[in-house]
Amino acid sequence: MAVSKDDVRHIAGLARVGVPEERLDGLVAELNGILGHMDALERVPSRGLAEIADATRAGMPLGADARTSVPLERARDEFAPLMRDGFFLVPRLATHDDAGDAS
Amino acid sequence: MSAPREWIPAGAASIAAAVRERTVSATDIVRESFDRAVAVKAGADGLNCILSSDRDASLRAAESHPVGGALAGVPVVLKDNIATTTLTTSCGSKILEGYISPYNATVATKLHQAGAILVGKANMDEFAMGSSTEFSAFGPARNPLDTSRVPGGSSGGSAAAVAAGLAPIALGSETGGSVRQPAAFCGIVGVKPTYGLISRFGLVAFASSLDNIGVFGRTVDDSALAMQVLAGDDTTHDATSAPRPAPTYRTDSRDLTGLVIGKPREYFPESLPALMREQCDRAIDALKARGATFRDVSLPHTDLALPVYYIIAPAECSANLARFDGVRYGMRIDGDGLRGMYEATRSKGFGAEVTRRILLGTYVLSAGYFDAYYRKAMEVRALITKDFTDVWASGVHALFTPTTASPAFHIGAISDPYEMYLCDLFTVSANLAEVPAMSLPIGRVQGLPVGGQVIAPKFGEVNMFRVAYALESELGAEAHR
């Protein structure tokens, strides 16, 4: 399988990574160079694989669905880019542009 | 005990014993570490192995620390992806440049409780993605044995710091060989424990089903001593921590009578350079001289390990690195609205290799490709794991292989991404199968260190160290010639 420039634009959008247009050709070549080696997996017969994978996972213990809060030695607003009243601030959402200046 | 002129080359156990007996003070040892850093140019104008350090703070910590503990007064260096409340935790990335964690990793706490003194945070490939430390946003680290060459990666700064004599022990992290490969390139010992044996709490996540914290030491005994301090249950902080006590890794025995060591044919391909093969053959003879029996074995799915790894690791990295978005910590670059801010921050904050892996991982997890790539890779991973369990079931106690297919290469020599991934050829399988493995020096090729790898069954570190102690003892000074 191979990716196109449109594929790279699409996955960059999914990953929230800005990719300049002039970098697209290079990324297409690099990703296809890597994906070409992944095609080796297609040669492995699928029959029985899922059972082996299930057997490998058998007996894997599950921990309690609980967590201990970690005491922080510094307050969040000392390292957060922007905070107010205990909340992290983000830019206005485009969909809120018509709702007036309420931030 | 007669006082040596320099303590750090004497090793962690000797330092700790001398500090406990008050033959030397922890501050003298820490001063020696910083003097050594100046002498070898550990900073950006030289080896570039240390990203942050604070001499005065380390000296104050040494002065105020109670005398005692298994690592009393021992200077240690931590990879820059291990959280500490002093010094940076930048992960070698612009996106976390200058970031100081508000809490300590469990390993940092354990080292402190054992009396060790943090003397620096080490350079690394950005977010541990790389095999040369050339992908650090803060410039490449250099190999102390030949500064025109890489120290390996991604934990290259930690390995270089130990090889250069700044500390007898350092910590790195392993996802596909990032401790063993730099250990081999720098002529020191590197240990990747069983998945879950050492707590990962406070290790910045890369690929959660593969990540381990690993140990560098100048000697097998220093590595075993550090493992003794670090291994053990931390289930209250880390869901992947194994709820079992650590056995005793240090031993005086150098006898391998009764131990069966496998030589997997897939790790000795025709393409392995003759000089590398000669060093391995000499190591095998040394192990036989100590009583081990060798047996030819096969791990038939080894050739699939790299494709499997380079699907699973990027997939998991694309999920883990989603947290770096400019909202809660780290760099923030304003853009057009919220989405524009995300994209600008991540575009400017991540380097080329991290971006490539995030995109690759997002692709293999995306609709229409998940089954063909990620699900298939996870299933083939089970075949690779079964290769190992079949070998153990046949009566083999450990495996011996080369750690890498070549010694350290020149900085800038590899530009193709997949060619760089090939550096992990002999190391990724142990991560996929979750088994312990370690590299130790077995000789030199054209003056450059070569590492031999010992692999053991899950939680089989006791036998793994037994083999390593015997090999180190039998080879003696030949391991560095």
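Trainee: Why is B:Asp56 called exposed?

Mentor: B:Asp56 has 8 other C-beta atoms within 10 Å of its own. The label goes by that count (exposed at 12 or fewer, buried at 20 or more, partly exposed in between, with C-beta atoms placed from the backbone), so B:Asp56 comes out as exposed. Keep in mind that this is a predicted model, in which local features need pLDDT of at least 70, side-chain atom pairs count only at pLDDT 80 or more, and totals for chains, interfaces and linings use all residues. Residues are numbered from 1 along each chain as written, while chains are lettered from A and ligands numbered from 1 in the order in which they are written.

Trainee: Where is the place of B:Asp56, and how many residues is it from B:Pro417 in sequence?

Mentor: B:Asp56 sits in helix α3 (residues 55-64) of chain B; helices here are DSSP runs of H or I with at least four residues, strands are runs of E with at least two, and both are numbered from the N terminus. From B:Asp56 to B:Pro417 there are 361 residues in sequence and 41 Å in space, C-alpha to C-alpha.

Trainee: What makes strand β10 of chain B largely enclosed?

Mentor: Seven of the nine residues of β10(B), residues 437-445, are buried, so the rest of the structure largely encloses this strand.

Trainee: How do you know in which sense β10(B) and β11(B) pair?

Mentor: There are eight bridges between β10(B) and β11(B) (residues 448-455), in the antiparallel sense. Strands count as paired when DSSP finds at least two bridges.

Trainee: In which sense do β7(B) and β8(B) pair?

Mentor: β7(B) (residues 260-264) and β8(B) (residues 293-297) have five bridges in the parallel sense, and B:Val260 stands opposite B:Thr293. The chain goes from β7(B) through α8(B) to β8(B) in a right-handed β-α-β crossover. Right-handed means that, with the strands pointing away from the viewer, the path from the first strand over the helix to the second runs clockwise.

Trainee: How do the axes of α8(B) and α15(B) cross?

Mentor: Helix α8 (residues 274-289) of chain B and α15(B) have axes that come within 9 Å and cross at roughly 105°.

Trainee: And what makes α8(B) roughly perpendicular to α15(B)?

Mentor: The angle falls in the range for that word (65 to 115 degrees is roughly perpendicular, under 35 roughly parallel, over 145 roughly antiparallel, the rest oblique), so α8(B) is roughly perpendicular to α15(B). Axes are lines fitted to C-alpha atoms, for helices over the stretch in contact, and angles run from 0 to 180 degrees between N-to-C directions. B:Ala283, B:Ala286, B:Leu287 and B:Ala289 of α8(B) meet residues of α15(B) including B:Val467 and B:Leu471; contact means C-beta atoms, placed from the backbone, within 7 Å.

Trainee: At what angle do α7(B) and α15(B) cross?

Mentor: The axes of α7(B) (residues 220-230) and α15(B) (residues 461-475) come within 10 Å and cross at roughly 160°. That makes α7(B) roughly antiparallel to α15(B). B:Val220, B:Ala224 and B:Met227 make the contact from α7(B), and the residues from α15(B) include B:Phe465 and B:Tyr469. By class, the contact has six nonpolar, no polar and two charged residues. Ala, Val, Leu, Ile, Met, Phe, Trp, Tyr, Cys and Pro count as nonpolar, Asp, Glu, Lys and Arg as charged, and the others, Gly among them, as polar.

Trainee: Why are α9(B) and α11(B) called roughly perpendicular?

Mentor: Helix α9 (residues 305-320) and helix α11 (residues 352-365) of chain B pack at about 100°, with axes 7 Å apart, so these helices count as roughly perpendicular to each other.

Trainee: Which residues of α4(B) are buried?

Mentor: In α4(B) (residues 106-113), B:Thr106, B:Val107, B:Ala108, B:Lys110 and B:Leu111 are buried. Their cover includes β2, β4, β6 and α7 of chain B.

Trainee: How many helices and strands has chain A?

Mentor: Chain A has three helices and two strands, in the pattern α-α-α-β-β. Of its 103 residues, 16% count as buried. The contact takes 40 residues from chain A and 48 from chain B. On the side of chain A that touches chain B, α2(A) gives the largest share, seven residues.

How values were computed: Contact = placed C-beta atoms within 7 Å.
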